[in-house]
Amino acid sequence: MTTEELVAQIYLKKSFLCIGLDTDLEKIPPHLLSEADPIFAFNKAIIDATHHLCVAYKPNTAFYEAYGLKGWKSLSKTIEYLNDSYPEIFTIADAKRGDIGNTATRYAKAFFEALNFDSITVAPYMGRDSIEPFLEFESKHTILLALTSNPGAFDFQTQKVDKTELYKKVLQTSKAYKNSENLMFVVGATKASYLKEIRAIVPDHFLLVPGVGAQGGKLDEVCRFGLNEKVGLLINSSRGILYASRGRDFAEKAAEEAGVLQQGMSNELKKKKSGS
């Protein structure tokens, strides 16, 4: 999916919501556990109930890897279902890969070709040769961890190197990588106050923003500092939507929670358009 196609979907749906498919067998409704593939059954119901309210889905691969081969099959079925039934949806493999050279290329092939995701999250610690192999794939996007929402982010990401915070070095340096126009960046919603400075460095790139809702991030604060001329935001919510109910109405309740966020995003887009 191209950036232009993603932006078109955002304006069509009046939403820049990304739903994280962090599916945990210990949290899904008990009645689904009798299904042949409970994870896929849960994901399919959530997708069918919410696809009109969001523009992206983000399976965190750890939640599938934890179940071995069965989990990988559930992930494969989920992405295949999304691509076949809702091809307009942007898909993110939240895999946080970060190796170099041929290994990075194999990771890219696994998620971009074998599973056919539109994008993947990548860790920047090993530098250029851990990122550029992902950027070689046409119409695919590499989402680089920049400033994350977890408390441990302050261990390294905000430490200064030559008087500049490390996360800023990551942003500045990665702009020089080959095909850097296909980069997006992860910026946690709990770090909304940093967004103004981040936008000064990467004014045109999309930002994937986790942490709104359960982790305490505020939608209006993220939008105030993060929206750009092409919207430029994908705001992720996982637990607040997925586990709104453990009853048979779980998909309906998930849609209600997603609808609240979508309405808030629609309002933010209206404010942006009016210049207020």
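1. Let's start with D220, which is partly exposed, with a relative accessible area of 36%; "partly exposed" lies between buried (under 20% relative accessible area) and exposed (over 50%), using a 1.4 Å probe and protein chains only.

2. A word on the model: it is predicted, local features need pLDDT of at least 70, side-chain atom pairs count only at pLDDT 80 or more, and totals for chains, interfaces and linings use all residues. Residues are numbered from 1 along each chain as its sequence is written, and side-chain values use heavy atoms, leaving out hydrogens and water.

3. Helix α5 (residues 101-114) holds E113 and K109, again 4 residues apart. Their salt bridge has its closest N and O atoms 3.6 Å apart. E113 is partly exposed at 48%, and so is K109 at 30%. The structure holds 12 salt bridges.

4. Now look at strand β10 (residues 233-237), where 5 of 5 residues are buried. Helices (H or I, at least four residues) and strands (E, at least two) are DSSP runs, numbered from the N terminus. On one side lie L233, I235 and S237, and on the other L234 and N236.

5. β10 runs parallel to β9 (residues 207-209), joined by 3 bridges; strands pair if DSSP finds at least two bridges between them. There, V209 has I235 as its bridge partner.

Note on methods. Salt bridge = Lys/Arg side-chain N within 4 Å of Asp/Glu carboxyl O.
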